[in-house]
Amino acid sequence: MEPNSRIQLNVRVSKKTSDQLDEIVEYYQENTKYGRVYKGDVLTDIIEKSYQVMEKKKSLGHR
């Protein structure tokens with residue numbers, strides 16, 4: 001798959017989770033130097049950071 005190719009995920013989340021995501025997107029919008037911030041970009045950022053943390057913990061556990 002190409003590095004910049006995208007797929008669409010259709011997921012169901014609770015209203016609370018959706019509201020929290022909206023709040024996070026608003027926070028990103030107000031506190032980053034980028035232009036318009038989209039939910040997909042915020043989710044990508046959150047997932048990438050969580051993945052890095054997970055990989056770091058996994059590597060520390062295998063010593």
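## Basis of the model

Residues are numbered from 1 along each chain as its sequence is written, and side-chain values use heavy atoms, with hydrogens and water left out. Because the model is predicted, local features need pLDDT of at least 70 and side-chain atom pairs count only at pLDDT 80 or more, while totals for chains, interfaces and linings use all residues.

## Two crossing helices

Two packed helices are described by the angle between their axes and the distance between the axes. Helix 1 covers residues 15-31 and helix 2 covers residues 39-61; helices (H or I, at least four residues) are DSSP runs, numbered from the N terminus. Their axes come within 10 Å and cross at roughly 95°. An axis here is a line fitted to C-alpha atoms over the stretch in contact, and angles run from 0 to 180 degrees between N-to-C directions. Helix 1 and helix 2 are therefore roughly perpendicular to each other (65 to 115 degrees).

On the side of helix 1, the contact (heavy atoms within 4.5 Å) is made by Leu21, Asp22, Ile24, Val25 and Tyr28. Helix 2 contributes Lys39, Val42, Leu43, Asp45, Ile46 and Lys49. By class, the residues of this contact are 7 nonpolar, no polar and 4 charged. Ala, Val, Leu, Ile, Met, Phe, Trp, Tyr, Cys and Pro count as nonpolar, Asp, Glu, Lys and Arg as charged, and the others, Gly among them, as polar.

## The largest pocket

Rolling a probe the size of a water molecule over the atoms shows where empty space is left. The largest pocket holds about 770 Å³ of space. A pocket is an open set of points on a 1 Å grid over the protein atoms alone, where a 1.4 Å probe fits, with protein on both sides within 12 Å along at least five of seven lines; lining residues have an atom within 4 Å of a point. The volume is the space filled by probe spheres set on the points, which are joined across faces, edges and corners.

The lining has 22 residues, and Leu9, Gly40, Leu43, Thr44 and Ile47 lie nearest the centre of the pocket. Helix 1 and helix 2 are the elements that give two or more residues to the lining, and helix 2 has the largest share, 7 residues. The lining divides into 11 nonpolar, 8 polar and 3 charged residues.

Gly40 lies in helix 2 and is partly exposed, with a relative accessible area of 37%. Buried means under 20% relative accessible area, exposed over 50%, and partly exposed in between (1.4 Å probe, protein chains only). Gly40 and Gln8 are 32 residues apart in sequence and 9.5 Å apart in space, C-alpha to C-alpha. Gly61, also in helix 2, is exposed at 62% relative accessibility.

Ser18 is in helix 1 and counts as partly exposed at 25%. Lys33 sits in the loop between helix 1 and helix 2 and is exposed, at 85% relative accessibility.

Methods. Parallel < 35°, antiparallel > 145°, perpendicular 65-115°, else oblique.
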